[in-house]
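Keep the sequence and the coordinates in view.

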Amino acid sequence: MLGIHELWLFVLSGLMLNVVPGPDTAYIVGRSIQLGWRGGAAAAIGISCGCLVHVFGAAIGLSALLMASSAAFAAVKLVGAAYLLFTGLQILLSRPRPVAEVAVPGDGISLRRVFWQGVLTDALNPKVALFFLAFLPQFVAADSPHKTLAFLLLGLILISTGTLWCFGLAAFAARAAGRIRQSQGVIAWINRALGGMFVYLGVRVAMLQAR
């Protein structure tokens, strides 16, 4: 169908990639501990929407442009790095809110803010674009007349399975975090971990070189 081959292997590989812990996992778990399941779900949906940008980019050739044009790659890289560093420093410098406020998802950090942080973290990361460009073509026949639709379908499958996994991860982290949220000291360390992760990603993206 659409020139897609070994779909079962693609789905299996995607599931394994989702299970392996990474920065997205850390962000979802951190927000789940801070804000409960809704916070983790907002982070997961944001990350998935950010990935959608790269799926459409791979389908229409934007990712290929980023690889072919060093100027375009550098521009996306610098914007993404600046955003990640700004977000990381903002979280690091924030003060933990009173327990009563932290425990309520609607107070303090808004779910909309959590969502958009997830979107921009992935959308502005050129490494994610390069991943989709390298991974998706492995399962589409070179002579397929419908490459764009094939890339879109594979990307949507990968994002859908990943989102479901992240929802489960958020639910588990939120359920286990009831006692953790009772300590402002723990919340402060979570903020440091999240902020440090964003700063690390920002530096890493800034140093990423196009190949």
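Is Leu93 buried or exposed? Leu93 is exposed, because its relative accessible area is 72%. Here buried means under 20% relative accessible area, exposed means over 50%, and partly exposed lies in between, with a 1.4 Å probe and protein chains only. Leu93 belongs to helix α5, residues 70–93. Leu93 and Gly195 sit 102 residues apart in sequence, but their C-alpha atoms are 8.5 Å apart in space.

Some ground rules come next. The model is predicted, so local features need pLDDT of at least 70 and side-chain atom pairs count only at pLDDT 80 or more, while totals for chains, interfaces and linings use all residues. Residues are numbered from 1 along each chain as its sequence is written, and side-chain values use heavy atoms, with hydrogens and water left out.

Now the overall fold. The protein has ten helices and zero strands. Helices (H or I, at least four residues) and strands (E, at least two) are DSSP runs, numbered from the N terminus. Of the 211 residues, 43% count as buried. Take the contacts between residues at least 6 apart in sequence: 86% of them join residues at least 24 apart. Contact means heavy atoms within 4.5 Å.

Glu6 is placed in the segment before α1 (7–19). Its phi is near 50 degrees, a positive value in a residue other than glycine. Glu6 counts as partly exposed, because its relative accessibility is 43%.

Helix α2 covers residues 23–35, and helix α3 covers residues 37–60. The 13 residues of α2 should span 18 Å at 1.5 Å a residue, and the end C-alpha atoms are 18 Å apart, which agrees. The expected span is 1.5 Å times one less than the number of residues. Just after α2 comes Gly36, with a positive phi of about 85 degrees.

How do α2 and α3 pack? Two packed helices are described by the angle between their axes and the distance between the axes. The axes of α2 and α3 come within 6 Å and cross at roughly 150 degrees. That makes α2 roughly antiparallel to α3. Axes are lines fitted to C-alpha atoms, for helices over the stretch in contact, and angles run from 0 to 180 degrees between N-to-C directions. Angles under 35 degrees count as roughly parallel, over 145 as roughly antiparallel, 65 to 115 as roughly perpendicular and the rest as oblique. The crossing of α2 and α3 is right-handed. A crossing is right-handed if the near helix is turned clockwise from the far one by less than a right angle, and left-handed if anticlockwise.

From α2, the contact uses Asp24, Tyr27, Ile28, Arg31, Ser32 and Leu35; from α3, it uses Trp37, Gly39, Gly40, Ala43, Ala44 and Ile47. These residues divide into seven nonpolar, three polar and two charged. Ala, Val, Leu, Ile, Met, Phe, Trp, Tyr, Cys and Pro count as nonpolar, Asp, Glu, Lys and Arg as charged, and the others, Gly among them, as polar. The buried residues of α2 include Tyr27, Ile28, Arg31, Ser32 and Leu35.

Stay with α3, which also holds Ser48. Ser48 counts as buried, because its relative accessibility is 12%. Leaving aside neighbours within four places in sequence, Ser48 is in contact with Ile159 and Thr163.

Helix α3 also meets helix α8, residues 126–135. Their axes come within 9 Å and cross at roughly 50 degrees. That makes α3 oblique to α8. This crossing is right-handed too. Cys51, His54, Val55 and Ala58 in α3 meet Val128, Ala129 and Phe132 in α8. The residues of this contact divide into six nonpolar, one polar and no charged. Helix α8 is mostly covered, with seven of its ten residues buried. Val128, Ala129 and Phe132 are among the buried ones.

Leu136 lies in the loop between α8 and α9 (147–176). Leu136 is buried, because its relative accessible area is 1%. Leu136 touches Phe10, Ala58, Phe151, Leu154 and Gly155, not counting residues up to four places away in sequence. Leu136 and Val55 are 81 residues apart in sequence, and 9.0 Å apart in space from C-alpha to C-alpha.
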